[in-house]
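Please go through the briefing below with the sequence and the structure side by side.

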Amino acid sequence: MFAKPRPKKSPLPPPNKKRKTASTIEEISFDDGAREEYLTGFHKRKLQRIKHAQEEAAKRAREEKLETRKQIREGRRREVAEHVESVNKILRESGAVSADVDGDDDSETQESDEWDGFPDKPDLDMVDHEEEYVDEDRYTTVKIESVSVSRDGLSRPDQFDEEAEEQARQKRAEAERQKAEAEAKDKKPAWQKKKKKKFRYETKLVRQLTDRKQRIKSQRP
């Protein structure tokens, strides 16, 4: 009575009926050495992590220390600049120093701040030199002395000579003591008496055996 509807065609292409050939794995290799290293290396890897963490902590502590020192230096420099500025201001207000003099002082300070490097010949007059500095309520004495550098640190030349003499004196005393001990060992004390040999009596059985041996020897032609 009713006609069947015509099936609609799909706009997509028909699926490929042939199966795609999957790539086959030729061989699976198992590394016994890597497995053993992984299973037996837990403690080693733990120590490596601890060492790495310690190095990182030391590095951070060093950076923080350097940053703190930098901040302290900047703070001190700022305090010194503020102190100098306040002193100059007080001197200007009191009329003790004029503005032109301050300008000259600033230019001289800038010129003196420039460093030309170390001199070719050292100033030997500064050795064993003592000088006093007075700044408001502060009093400081600076003394420059010659020192000797060794593995133990810094020391005065006269102190080094005294230490060398003391060591030589100790060595001589030790040698004399060893020589005296050797001589005392070689000499025997006069009061020491020689030990007497102990005399033991033979037992009856031993005497009988000795007599028999002597008789046998005497009977032989």
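Arg169 counts as partly exposed, at 41% relative accessibility, where buried means under 20% relative accessible area, exposed means over 50%, and partly exposed lies in between (1.4 Å probe, protein chains only). Arg169 forms a salt bridge with Glu166, and their closest N and O atoms are 2.4 Å apart; a salt bridge is a side-chain nitrogen of Lys or Arg within 4 Å of a carboxyl oxygen of Asp or Glu. This is a predicted model, in which local features need pLDDT of at least 70 and side-chain atom pairs count only at pLDDT 80 or more, while totals for chains, interfaces and linings use all residues. Residues are numbered from 1 along each chain as its sequence is written, and side-chain values use heavy atoms, with hydrogens and water left out.

**Salt bridges**

- The count comes to three salt bridges.
- Glu166 and Arg169 both lie in helix α4 (residues 157–186), three residues apart, which is about one turn of the helix. Helices are DSSP runs of H or I with at least four residues, strands are runs of E with at least two, and both are numbered from the N terminus.
- Glu166 is partly exposed, with a relative accessible area of 37%.
- Glu174 pairs with Arg177 in another salt bridge, with 2.3 Å between the closest N and O atoms. Both residues belong to helix α4 and sit three residues apart, about one turn of the helix.
- Arg177 also forms a salt bridge with Glu181, where the closest N and O atoms are 2.7 Å apart. Arg177 and Glu181 are four residues apart in helix α4, again about one turn.
- Which residues are linked in a network of salt bridges? They are Glu174, Arg177 and Glu181.
- Glu174 is partly exposed at 33% relative accessibility, Arg177 is partly exposed at 40%, and Glu181 is partly exposed at 39%.

**Charged surface patches**

- Lys65, Arg69, Lys70, Arg73 and Arg77 form a positive surface patch. Patches are made of residues with over 30% relative accessible area and no salt bridge; like charges are joined within 9 Å, and nonpolar side chains (Val, Leu, Ile, Met, Phe, Trp, Tyr) within 5 Å.
- Lys and Arg count as positive and Asp and Glu as negative, while His and the chain ends are not counted. The place of a charge is taken as NZ of Lys, CZ of Arg, CG of Asp or CD of Glu.
- Arg73, one of the residues in the positive patch, lies in helix α2 (residues 42–94). Arg73 is partly exposed, with a relative accessible area of 47%.
- A patch of negative charge on the surface gathers Asp31, Asp32, Glu36 and Glu37.
- Asp32 lies in helix α1 and counts as exposed, at 53% relative accessibility.

**Nonpolar surface patch**

- Tyr38, Leu39 and Phe42 make a nonpolar surface patch of about 330 Å². Accessible areas come from the Shrake-Rupley method with a 1.4 Å probe, and for residues only the protein chains shown count as cover.
- Tyr38 is placed in helix α1 (residues 32–40).

**The chain as a whole**

- The protein chain has five helices and four strands. From the N terminus on, its elements run α-α-α-β-β-β-β-α-α.
- How many of the 221 residues count as buried? The share is 2%.
- Among contacts between residues at least 6 apart in sequence, 5% join residues at least 24 apart; contact means heavy atoms within 4.5 Å.
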